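Hi,

Here is the structure I promised to pass on to you. Have a look at it first, and then read on for what turned up when I went through it.

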Amino acid sequence: MAALVKGVGCAMRPLLPVVQTCNVNARRWVRALRRSPVKVVFPSGQVVEREPGPGKQPRKAADVASPQKQQQKQPLQVPSNPTPSTWEESGLRYDKAFPGDKRLSSVMTIVKSRPFREKKGKILLEGRRLIADALKAGAVPKTFFFSRLEYIKELPMDKLKGVSLVKVKFEDIKDWSDLVTPQGIMGIFAKPDHIKMTYPETQLHHSLPLLLICDNLRDPGNLGTILRSAAGAGCSKVLLTKGCVDVWEPKVLRAGMGAHFQVPIINNLEWEAIPNYLPTDTRVYVADNCGLYARAQMSMSNKGSNHSWVCDRRFLKFHKYEEEEEDLETGAKRDWLPDLEVQSYDLDWTEAPAAVVIGGETHGVSLESLELAESTGGKRLLIPVVPGVDSLNSAMAASILLFEGKRQLRVREEHLSRGRSYH
Ligand SMILES: C[S@@+](CC[C@H](N)C(=O)[O-])C[C@H]1O[C@@H](n2cnc3c(N)ncnc32)[C@H](O)[C@@H]1O
């Protein structure tokens with residue numbers, strides 16, 4: 001049935017704006033019109049006829065739009081056959097961006113969004129050093145945008161085969177850059193897979209039985225700083241729980257200063273999957289400021305010189321849930337909060353492979369981390385601070401603990417080698 005409609009609702013100028021701005025009834029009208037063969041008479045007297053379609057129809061507004069509008073909607077004029085330039089010695093070809101070329105801006109817009117990175121499996125790396133490190137580790141480049149050919153010439157030639165090379169103006173790179181001093185080169189890479197990566201020999205040589213688990217870390221600067229410390233301390237692996245900021249986010253990359261290609265990082269893990277990534281016999285230790293209510297107890301057995309620490313359960317953040325939960329039969333309060341011993345960070349905790357959990361900036365450590373620590377025989381690690389000082393920044397706490405772990409392992413190694421030389 002053909003419908004003849006005269007000036008529906010908001011004057012029915014182009015169909016799409018009507019859908020966006022009219023009231024619900026008018027929108028229903030428009031949807032109905034889209035489903036039936038329709039002839040629309042506009043107040044101007046113009047008549048538009050079209051065939052019915054399945055639900056949403058491609059917009060017919062161009063039929064009625066002014067010639068100026070039509071011109072604005074024209075797709076970007078890309079030269080039909082841009083002549084690629086050749087870098088003589090290598091035979092590699094590259095394109096020069098033409099005026100109005102949107103290749104850089106369109107790639108940048110999408111590559112800077114986490115959903116895109118996850119969907120397309122592509123990431124953006126910026127700067128000569130980071131790109132060189134990534135290539136060395138086996139990351140796969142797809143496109144390079146560069147402002148000077150020399151920057152491309154610095155890269156290993158064998159890694160450039162099949163990579164699309166686009167020379168752009170330095171100003172364009174600067175506009176999209178995340179660096180304080182843009183370096184004139186950006187690369188789109190396939191999202192690296194830690195299993196296929198080759199980490200530097202020196203890093204592997206100094207790798208320790210020490211892992212880091214980041215629990216819901218949201219701040220990109222903190223995560224990058226933590227990764228840099230983890231690489232510096234010689235961590236063998238970094239695990240990130242779901243809920244952490246994306247490890248390939250440009251700000252994390254910037255703060256990480258290359259750590260992404262020095263230490264294996266496994267992203268986006270559910271807590272149940274974490275044990276699969278830990279070496280056997282790993283003990284999980286949770287870095288915990290104990291809600292600021294850790295109390296030192298003097299140990300009489302050691303002439304009062306030794307402190308041991310206890311968390312006052314009343315002040316632990318999960319305690320309120322514990323209070324609420326009663327056993328239906330006995331009416332007694334359920335004691336389900338893992339009763340983890342607290343240990344000062346400078347006492348030995350590296351006798352077995354150790355994994356340290358660092359909590360997020362806002363909520364601190366999760367219940368799951370405490371449960372994993374309890375099941376593996378781990379403890380809470382406390383860095384005592386002066387009363388009245390709030391918790392430490394997560395990146396600071398992580399660095400202190402990782403380098404303390406490294407110190408403990410070195411001291412143990414020295415003891416062992418001294419013991420071996422006596423025999
Ligand atoms: C900024 S704090 C979290 C603050 C959060 N509002 C809380 O009270 O748990 C971030 C993380 O750093 C670590 N951290 C901070 N201060 C610490 C301390 N004094 N001892 C051990 N770990 C600490 C913990 O893992 C903590 O979850």
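Let me start at the end of a helix: just after α14, Gly 377 takes a positive phi of about 80 degrees. Please keep in mind throughout that this is a predicted model.

Helix α14 itself covers residues 367–376, and its buried residues are Leu 367, Ser 369, Leu 370, Leu 372 and Ala 373. What do these buried residues pack against? Their partners are four strands: β10 (210–215), β13 (283–287), β17 and β18.

The elements that give two or more residues to the shell around the ligand are β17 (354–359), β18 (380–382) and α15 (394–422). So much for the elements; now the residues. The ligand has 17 residues around it, and the ones that come nearest are Ala 287, Gly 359, Thr 362, Ile 383 and Leu 392. Sorted by class, that shell has 8 nonpolar, 7 polar and 2 charged residues.

- Gly 359: a polar backbone atom is 2.9 Å from an oxygen atom of the ligand.
- Thr 362: a polar backbone atom is 3.1 Å from a nitrogen atom of the ligand.
- Ile 383: a polar backbone atom is 2.8 Å from a nitrogen atom of the ligand.

How much of the ligand does the protein bury? Taken alone, the ligand exposes 560 Å², and 85% of that is buried by the protein.

Now for the chain as a whole. The protein chain contains 15 helices and 18 strands. It has 423 residues, of which 41% count as buried. The chain exposes about 24100 Å², with carbon and sulfur atoms supplying 53% of that area. If you take the contacts between residues at least 6 apart in sequence, 70% of them join residues at least 24 apart.

Next, the aromatic residues. The structure holds 4 aromatic pairs, and I will describe two of them here. In one, the ring centres of Phe 144 and Phe 189 are 5.8 Å apart and the ring planes stand at 80 degrees, so this pair is edge-to-face. Phe 144 belongs to strand β7 (residues 141–146) and Phe 189 to strand β9 (residues 185–190), so that the pair links distant parts of the chain, 45 residues apart. Both Phe 144 and Phe 189 are buried.

The other pair is made by Trp 248 and Phe 261, and it is tilted: 5.9 Å centre to centre, with 40 degrees between the planes. Trp 248 lies in the loop between β11 (237–241) and α12 (250–256), while Phe 261 lies in the loop between α12 and β12 (265–269), 13 residues apart. Trp 248 and Phe 261 are buried too.

Leaving aside neighbours within four places in sequence, Thr 143 is in contact with Val 163, Ser 164, Val 166, Met 186, Gly 187 and Ile 188. Ser 147 sits in the loop between β7 and α8 (149–153). Ser 147 is buried as well, at a relative accessible area of 10%. With neighbours within four places set aside in the same way, the contacts of Ser 147 are Lys 167, Val 168, Lys 169, Phe 170, Ile 173 and Gly 184.

Finally, two backbone angles to check. Most residues other than glycine have a negative phi. Met 257 has a phi near 50 degrees, a positive value in a residue other than glycine. Met 257 is placed in the loop between α12 and β12, and it is exposed, with a relative accessible area of 54%. Asn 268 is not a glycine either, yet its phi is positive at about 65 degrees. Asn 268 lies in strand β12 and, at 31% relative accessibility, counts as partly exposed.

Happy to go through any of this with you.

Best wishes

Key:
Residues are numbered from 1 along each chain as its sequence is written. This is a predicted model: local features need pLDDT of at least 70, side-chain atom pairs count only at pLDDT 80 or more; totals for chains, interfaces and linings use all residues. Side-chain values use heavy atoms; hydrogens and water are left out. A residue is near a molecule or strand if one of its heavy atoms lies within 4 Å of it. A polar contact is a pair of N or O atoms within 3.5 Å; within protein, one must be able to donate a hydrogen and the other to accept it, and residues adjacent in sequence count only if both atoms are side-chain atoms. Accessible areas come from the Shrake-Rupley method with a 1.4 Å probe; for residues, only the protein chains shown count as cover. Ala, Val, Leu, Ile, Met, Phe, Trp, Tyr, Cys and Pro count as nonpolar, Asp, Glu, Lys and Arg as charged, and the others, Gly among them, as polar. Buried means under 20% relative accessible area, exposed over 50%, partly exposed in between (1.4 Å probe, protein chains only). Contact means heavy atoms within 4.5 Å. Rings of Phe, Tyr and Trp (its six-membered ring) pair if their centres lie within 6.5 Å; planes under 30 degrees apart count as stacked, over 60 as edge-to-face and the rest as tilted.
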